[in-house]
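Dear colleague,

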Number of protein chains: 2
Amino acid sequence: MVHISNRLHEAEKSQKPTFSFEFFPPKTAQGIQNLYDRMDRMHGFGPTYIDVTWGAGGRSAHLTCEMVKTAQTALGLETCMHLTCTDMPKSKIDEALKVAYASGCTNILALRGDPPREHDKWEATSGGFRYAKDLVRYIRQEYKDHFDIGVAGYSERCEDNEDVDQLVQHLKEKVDAGSTFVVTQMFYDVDLFLEWVRKCRQAGITVPIIPGIMPISTYAAFVRRANGPMRCHVPQTWLDAMEPIKNDDVEVREQGKNLVAEMCRKLLESGEIHHLHFHSYTMNLEKATRMVIEELGIMPDMESPIEKPLPWRQSLGLKRREENVRPIFWRNKTRSYVARTQDWDEFPNGRWGDSRSPAFGELDAYGIGLKGSNEHYRKLWGEPQAIKDISNLFVKYMEGKLDSLPWSEQPITMEANIIRDDLVELNRRGILTINSQPAVNGVKSSDKTHGWGPRNGYVYQKAYLEVLVSPELISEVITRIERDPDMTYYAVNKNADLKTNAPGDGPNAVTWGVFPGKEIVQPTIVETISFLAWKDEFFRLGQDWAECHTSASPTRYLIEDLMDTWYLVNIVHNDFHETRGIFHLFDELAVKDLDKPLHEVKDLPLRPKVNGSSLKKEVTFMNGDAHQEAPVAVNGN
Amino acid sequence: MVHISNRLHEAEKSQKPTFSFEFFPPKTAQGIQNLYDRMDRMHGFGPTYIDVTWGAGGRSAHLTCEMVKTAQTALGLETCMHLTCTDMPKSKIDEALKVAYASGCTNILALRGDPPREHDKWEATSGGFRYAKDLVRYIRQEYKDHFDIGVAGYSERCEDNEDVDQLVQHLKEKVDAGSTFVVTQMFYDVDLFLEWVRKCRQAGITVPIIPGIMPISTYAAFVRRANGPMRCHVPQTWLDAMEPIKNDDVEVREQGKNLVAEMCRKLLESGEIHHLHFHSYTMNLEKATRMVIEELGIMPDMESPIEKPLPWRQSLGLKRREENVRPIFWRNKTRSYVARTQDWDEFPNGRWGDSRSPAFGELDAYGIGLKGSNEHYRKLWGEPQAIKDISNLFVKYMEGKLDSLPWSEQPITMEANIIRDDLVELNRRGILTINSQPAVNGVKSSDKTHGWGPRNGYVYQKAYLEVLVSPELISEVITRIERDPDMTYYAVNKNADLKTNAPGDGPNAVTWGVFPGKEIVQPTIVETISFLAWKDEFFRLGQDWAECHTSASPTRYLIEDLMDTWYLVNIVHNDFHETRGIFHLFDELAVKDLDKPLHEVKDLPLRPKVNGSSLKKEVTFMNGDAHQEAPVAVNGN
């Protein structure tokens with residue numbers, strides 16, 4: 001269990017300031033997708049944790065739970081779930097706690113809740129809780145030490161109370177009820193705040209206090225903070241600094257950054273504060289927050305391998321923290337891997353073990369597939385007429401000029417640099433590269449490009465290449481692979497005709513690391529069962545792409561033919577001293593008639609499309625002579 | 001399950017002749033120890049399996065079972081247990097089968113049994129079986145396909161039957177009852193034998209037939225074979241060749257080797273025979289058997305890593321075949337490791353896992369300790385008077401001039417060659433080295449010295465050193481280790497005061513291999529719990545050595561003082577690129593007053609020995625100043 005209060009104690013000990021972000025459930029579906037992307041980006045800033053605020057009432061409360069789960073399991077963000085009590089029946093609270101538990105979330109911020117509009121006074125929902133301290137006590141009683149429980153601190157005022165001493169007393173009661181950290185409302189006056197912290201300490205509140213920081217994105221938002229029910233004192237110097245530039249948004253943000261950064265610096269220098277909590281209510285605040293953090297110079301060095309325990313980002317879902325082995329196939333589709341394995345009872349740790357037991361979830365149950373609109377993808381990837389057009393898309397992706405492909409959610413990584421020319425060259429010749437990694441023969445774990453894991457270690461990789469190979473080439477490619485005792489491969493088509501030379505069903509470790517005082521860590525593998533699960537997803541994504549185009553169009557025909565007849569092949573060069581070993585396999589091989597539309601190549605009329613089903617095709621696996629296509633094309637022969 | 005018949009089919013396919021040996025339960029305890037040593041040596045010849053003959057009647061039957069268990073689990077020999085039925089009640093047969101099963105044995109030779117002395121006719125024990133075929137049928141029925149079941153073939157005669165055709169018919173019935181291979185009685189006439197094989201094939205016996213081969217060690221034994229109840233035809237050419245040299249034992253063995261080898265060659269060339277089974281009834285036959293095998297040139301190349309799947313010899317005990325991780329500590333005491341882990345429910349495979357679950361057996365329950373007589377060890381290791389004398393013993397061992405030490409059953413291995421000078425130098429200075437391995441940075445798995453595992457792989461080792469360090473040096477040694485971030489260590493004394501800088505309880509892999517299409521294999525580790533188990537054994541063996549000497553003797557006092565006050569320290573250099581890294585730790589360190597008897601060093605009278613208990617001594621762990629001994633001695637300072 002990771003508890004925020006422990007992390008805060010660690011931060012205090014190491015004297016390295018840390019920070020966290022707060023997110024709230026958006027109103028629209030598009031907003032949710034954007035928010036996940038934003039959370040994903042902000043993971044890169046290295047927050048200690050993130051908050052998800054509680055959206056009281058039906059759908060919104062459900063959304064909070066969903067966001068907690070996504071952040072924790074798919075995005076690998078340590079998450080603190082807000083939970084309010086006055087507007088909630090006990091059964092709803094139980095439900096929310098269950099979801100938090102099942103998501104692997106171990107931190108709750110227990111709140112009284114927004115004041116209900118109809119009443120003047122806070123009242124407990126029937127059977128529910130009246131005060132935050134009741135909720136704290138209840139969670140403690142039900143879940144023992146599972147959850148770290150935070151509470152809100154009001155340093156200047158609460159909605160219905162301006163008696164600071166009484167507020168300190170209330171806070172003391174909440175802490176005594178079992179909470180282990182305090183997050184405060186936003187403020188601008190650092191002296192007032194530190195005075196309040198001293199009062200808390202005098203009152204016997206010893207748990208960590210986290211100041212809530214509100215970056216300044218616009219002048220309007222800035223002055224709004226000086227009023228409103230949660231208004232806080234704005235120092236005259238701040239008003240004086242803002243007044244002359246209030247009509248220049250860029251200047252406001254720059255000045256705001258300076259003021260907030262100055263305030264944060266004072267907080268950190270006080271010795272009382274070691275962690276900053278950034279409210280990020282709106283999209284605009286992402287930029288303002290980033291500016292403050294950069295100004296403070298407290299962004300952790302994310303390139304440093306100390307921050308990267310494994311070569312892929314870990315999920316923090318329930319039972320997943322120990323997970324440290326994954327198939328390589330989903331490297332560019334992490335979220336779908338997490339989704340398809342979410343029902344596993346246990347996750348591989350140290351080794352893949354019996355690959356037959358962890359059954360992958362079915363595609364449909366997890367909503368695998370392209371998520372955007374047909375128009376979006378037609379605009380993004382165009383309307384290819386010939387293999388050459390698809391080949392060009394892949395080349396653009398390899399060159400960093402295209403950010404995604406149906407099988408890759410992210411732009412190509414820096415790691416591919418050393419094999420980029422080879423990848424581009426293969427794709428130019430119509431050998432479409434889906435996934436790859438170069439061989440690495442023991443570089444330090446601190447290596448900027450390939451490093452991961454603890455200090456003073458060495459990391460290794462076997463060269464890996466996953467390619468989509470046309471039926472006219474597959475026979476020659478496999479013949480060449482099988483000639484080399486250092487190569488292992490799996491080849492499969494849509495019909496799941498599998499061919500491999502792997503020695504048994506067991507996994508092949510393709511990434512591993514050797515560290516002081518530890519077992520060998522082997523976080524990435526290639527093996528049969530997961531490849532077949534990936535194969536389903538691969539061909540499904542291709543079909544999704546085809547279906548972005550109208551049913552009788554040449555593009556639809558082209559992509560469907562690709563999915564129906566080409567082979568997905570993964571190749572491992574087992575001698576990790578060989579960097580370019582795999583590419584030699586394809587020397588002088590190229591797809592014929594690259595730039596001819598499919599109906600010309602195959603000399604077929606544009607087929608009629610019936611019921612949207614794919615044209616039936618003869619796909620017999622292998623042996624060269626079983627194909628109706630042209631024989632292997634070998635350039636220069 | 002490994003079945004002999006499968007191995008025979010493999011041998012037939014690969015066209016590489018294989019062989020096996022037969023052992024019988026000896027009569028004396030010393031005989032048993034000698035036999036185990038012999039079996040251990042003969043493991044080195046690379047037999048496909050070994051037989052243990054059935055010792056009918058009480059103790060002897062029990063001994064067969066014990067031998068099967070030892071061969072299978074401790075010696076890692078694939079074993080076939082003989083089992084006779086006519087002289088056994090069914091309950092005894094059930095018991096024997098149960099023991100075989102529990103030992104991991106998967107092969108049984110089902111026999112009728114020796115003719116009972118009192119009766120003229122074979123008769124079933126009440127409730128037992130009359131014929132071998134009944135026993136075959138019973139085992140098949142009770143254990144399904146668990147056991148491979150062999151039966152005896154009589155190519156010339158049976159004790160009570162010389163009708164070869166009828167014997168073929170009886171054999172057919174035994175095979176039909178469910179047996180899957182045939183082992184024949186010994187013979188000298190290869191033509192008669194091959195004629196019989198043809199008869200068997202004609203009768204529809206298709207299972208592999210294994211000829212029983214009896215090497216010739218003495219003339220007397222040779223001619224005895226021509227008579228007796230199991231007599232076989234001796235070709236005149238053999239008699240003619242033997243007659244002139246019958247009084248020269250050396251000549252007889254040489255000529256016998258030639259005759260038997262010639263016969264074996266004919267058998268193998270016949271195309272019917274691919275495996276030879278050597279009867280090894282007496283100690284003398286070990287040599288004669290070896291001579292024949294060498295003459296035939298069929299000894300497998302045991303240096304080849306194909307024959308060495310892991311760096312240590314695997315146990316073939318029940319549930320142990322998949323075992324592939326062990327602590328390094330028992331490298332020179334394999335049998336005691338196997339003994340102390342025999343009750344484990346499962347064995348580490350792929351990783352050590354939770355090191356707390358596999359509880360090591362207590363020392364006494366497994367008979368750990370020195371097995372020989374006090375005189376034997378006093379003769380072997382002398383009567384050291386000062387540390388210098390012990391240091392000299394260690395130096396002799398490192399130089400290959402002494403075959404064992406209390407903590408090492410075997411002579412030092414070839415692998416130590418590259419660090420031998422360093423080891424000798426340490427021991428000379430009174431830093432006693434117990435166990436070590438040099439660093440290996442990825443040599444081919446076919447490497448003669450360090451290689452193991454499948455072809456085309458690479459193997460690695462971290463440098464490892466286990467030393468016994470005197471209390472005057474321990475503080476400085478640990479200070480030096482802790483200064484180097486690449487070093488991890490455990491230090492412990494007899495009282496189990498443990499000190500370590502290991503990052504957590506988990507194991508440290510010190511030997512691993514990377515192979516085509518496989519997970520990383522990490523067969524040797526260092527970790528806490530097993531080190532503490534080894535520590536108990538280590539100090540116990542030292543105490544056993546002390547007790548070889550009379551209680552008031554200076555030697556006894558010296559060794560007991562060593563056990564009571566010195567520290568057992570293991571050190572791993574985690575950067576496997578560094579071959580000599582560990583040795584620098586001890587630069588300029590040496591034990592003071594190496595050659596003074598202990599009572600002079602400590603300025604004590606020879607202590608009185610009461611009730612054989614050790615002298616009580618103050619052993620406070622560490623910190624340099626807590627010792628009464630002289631401060632750290634640094635040469636040259």
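In this predicted model, chain A superposes on chain B with an RMSD of 0.2 Å, by a rotation of 179 degrees with 0.1 Å of shift along its axis. This is therefore the relation of a two-fold axis. Both copies use the same surface, as 100% of the contact residues of chain A recur in chain B.

Regarding the extent of the contact, chain A contributes 32 residues and chain B contributes 32 residues. About 2,700 Å² is buried between chain A and chain B, with 48% of it on carbon and sulfur atoms. Of the area that chain A buries against chain B, 24% is supplied by R351(A), G517(A) and E519(A), more than by any other three residues.

In a salt bridge between the chains, the side chain of R351(A) meets that of E519(B) at 3.0 Å, N to O. The count of residue pairs in polar contact between chain A and chain B, both at pLDDT 80 or more, is 22.

As to where the contacting residues lie, strand 11 (440–444), strand 12 (458–461) and strand 16 (508–514) of chain A each supply at least two residues of the side of chain A that touches chain B. Strand 16 of chain A gives the largest share of that side, four residues. By residue type, the side of chain A that touches chain B comprises 13 nonpolar, 12 polar and seven charged residues.

Yours sincerely

Conventions
Residues numbered from 1 in each chain as written. Chains lettered and ligands numbered in written order. Predicted model: local features only at pLDDT ≥ 70, side-chain atom pairs only at ≥ 80, totals over all residues. Heavy atoms only, no water. Contact = heavy atoms within 4.5 Å. Buried area = accessible area lost by both parts, 1.4 Å probe. Salt bridge = Lys/Arg side-chain N within 4 Å of Asp/Glu carboxyl O. Polar contact = N/O pair within 3.5 Å; in protein donor to acceptor, adjacent residues only side chain to side chain. Nonpolar A, V, L, I, M, F, W, Y, C, P; charged D, E, K, R; others polar. Least-squares fit on C-alpha atoms with pLDDT ≥ 70 in both.
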